[in-house]
Amino acid sequence: MFELCFRTQFSGAAQRWIEVICGSMFSGKTEELIRRLKRARIANQRVQIFKPQKDIRYEITNVVSHDENSVESIPVATSLGILDHIRDVNVVGIDEAQFFDEKLPDVCQKLAIKGIRVIVAGLDMDFRGRPFGPIPHLLAVAEYITKVHAICPHCGNLATHSFRLSQEQDTVVLGEKDKYEPRCRLCFEMGNILDLKSI
Ligand SMILES: [Zn+2]
């Protein structure tokens, strides 16, 4: 059962809100999540980090950003699993949130009501440019939203989309620079035409 004995170690009121960091691939979402979590730790706040079990691109127990700035994390199979693992903490970070199920917004709200600062990072759009998993719902209920951007390698504009370079059609295909490229809105819409030009 989820029971939280809330005890503040630092002075001041409980932080009971949700922050969402979203954007395309290679936009620095995880780096920003790690930056905020490290800053909380420096302030002696207790921190826990979760990620979906299906994200196995890197080490199982670490949230790792592309610059290899890692923070230890707990892999969970479902969003409700977060509640089973929660300890007496001030801040909860959730990475790769787009891979979680539709109950994640409720879980985040439950944590926030208990007096926890919840920081969620995830892709806002899938490779087709459609809203991804529970992220749109989270954006609706969050107090703070940060949209980070990559740079489009074709034109230098801000990249908001994750263009899939491979032909796979499943919504969830794990990969890095071998399978995805950040693109601006126009270059994303031009799709494979750009690939042909670059050959
Ligand atoms: Zn572009």
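## Getting started

Two strands count as paired if DSSP finds at least two bridges between them. By that rule, E2 and E6 pair in the parallel sense over 4 bridges. Helices (H or I, at least four residues) and strands (E, at least two) are DSSP runs, numbered from the N terminus.

Welcome to a predicted model, in which local features need pLDDT of at least 70 and side-chain atom pairs count only at pLDDT 80 or more, while totals for chains, interfaces and linings use all residues. Residue numbers start from 1 along each chain as its sequence is written. The protein chain holds 6 helices and 12 strands. Of its 199 residues, 38% are buried (20 or more other C-beta atoms within 10 Å of the residue's own; exposed means 12 or fewer, partly exposed is in between, and C-beta atoms are placed from the backbone).

## The sheet

Six strands form an open sheet in the order E5-E2-E6-E7-E1-E8, with parallel pairing. At its edges are E5 (74-76) and E8 (144-148), each of which pairs on one side only. On average, neighbouring strands here are turned by 20° against each other, direction ignored; axes are lines fitted to C-alpha atoms, for helices over the stretch in contact, and angles run from 0 to 180 degrees between N-to-C directions.

Let us walk across the strands. Valine 47 has valine 91 in E6 as its bridge partner, and valine 91 in turn has arginine 117 in E7. E6 and E7 run parallel and are joined by 4 bridges. E7 (residues 117-123) also pairs in the parallel sense with E1 (residues 18-23), over 6 bridges, and there isoleucine 21 stands opposite alanine 121. In a regular strand the side chains alternate between the two faces of the sheet. In E6, Val91 and Gly93 point one way, Val92 and Ile94 the other, and all are buried.

## Helices on the sheet

Helix H1 (residues 29-42) lies across E1, E2, E6, E7 and E8, at about 165° to E7. Helix H3 (residues 104-113) packs on the sheet and touches E1, E6 and E7, its direction making about 155° with that of E7. Contact here means C-beta atoms, placed from the backbone, within 7 Å.

E6, H3 and E7 together make a right-handed β-α-β unit: with the strands pointing away from the viewer, the path from the first strand over the helix to the second runs clockwise.

## The core

A nonpolar core is a set of buried Ala, Val, Leu, Ile, Met, Phe, Trp, Tyr and Cys residues joined through C-beta atoms within 7 Å. The largest one has 45 residues, and those with the most contacts inside it are Ile18, Ala97, Cys108, Val118, Val120 and Leu138. Among the elements that each supply at least two residues are E1, H1, H3, helix H4 (135-141) and helix H5 (185-190).

Valine 120 sits in strand E7 and is buried because 29 other C-beta atoms lie within 10 Å. Leaving aside residues up to four places away in sequence, valine 120 touches Ile18, Glu19, Val20, Ile94, Ala97, Cys108 and Leu138.

Most residues other than glycine have a negative phi. Phenylalanine 26, in the loop between E1 and H1, has a positive phi of about 65°. This phenylalanine 26 is partly exposed because it has 19 C-beta neighbours inside 10 Å.

Glutamate 96, in the loop between E6 and H3, has a positive phi of about 50°. Glutamate 96 counts as buried because it has 23 C-beta neighbours inside 10 Å.

Methods:
Two residues are in contact if their C-beta atoms, placed from the backbone, lie within 7 Å.
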